[in-house]
Amino acid sequence: MSPFSISAFVTGCILIVMSAITLFYPPKMINTGYGYRTKASMRNQQT
């Protein structure tokens, strides 16, 4: 296997794991790290 195919495989696996974490553990509070972030949605928790 070439180094490119190995790095593409590893990157794909990391993205799948990250998306599964986001899917099963969505953000409970407004944060700047991940989730739905717009100016209007980050004003307060109610929006």
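Is Val10 buried, partly exposed or exposed, and at what relative accessibility? Val10 counts as partly exposed, at 41% relative accessibility; buried means under 20% relative accessible area, exposed over 50%, and partly exposed in between, with a 1.4 Å probe and protein chains only.

The model is predicted: local features need pLDDT of at least 70, side-chain atom pairs count only at pLDDT 80 or more, and totals for chains, interfaces and linings use all residues. Residues are numbered from 1 along each chain as its sequence is written, and side-chain values use heavy atoms, with hydrogens and water left out.

**View 1. The whole protein has 1 helix and 0 strands.** Helices (H or I, at least four residues) and strands (E, at least two) are DSSP runs, numbered from the N terminus. Along the principal axes, the C-alpha atoms fill a box of roughly 50 × 20 × 10 Å. Of the 47 residues, 2% are buried. The accessible surface is about 4,400 Å², and carbon and sulfur atoms account for 71% of this surface; such areas come from the Shrake-Rupley method with a 1.4 Å probe, and for residues only the protein chains shown count as cover.

**View 2. Met1, Ile6, Phe9, Val10, Ile14, Leu15 and Met18 make a nonpolar surface patch of about 780 Å².** Patches are made of residues with over 30% relative accessible area and no salt bridge; like charges are joined within 9 Å, and nonpolar side chains (Val, Leu, Ile, Met, Phe, Trp, Tyr) within 5 Å. A salt bridge is a side-chain nitrogen of Lys or Arg within 4 Å of a carboxyl oxygen of Asp or Glu. Val10, one of the patch residues, is found in helix 1. From Val10 to Asn31, 21 residues along the chain, the C-alpha separation is 28 Å.

**View 3. Phe4 and Ile14 both belong to helix 1.** This helix spans residues 3-24. Phe4 is exposed, at 65% relative accessibility, whereas Ile14 is partly exposed, with a relative accessible area of 47%. Their C-alpha atoms are 15 Å apart in space, and the two residues are 10 apart in sequence.

**View 4. Thr38 lies in the segment after helix 1.** With a relative accessible area of 32%, Thr38 is partly exposed. Thr38 and Gly12 are 26 residues apart in sequence, with 27 Å from C-alpha to C-alpha.
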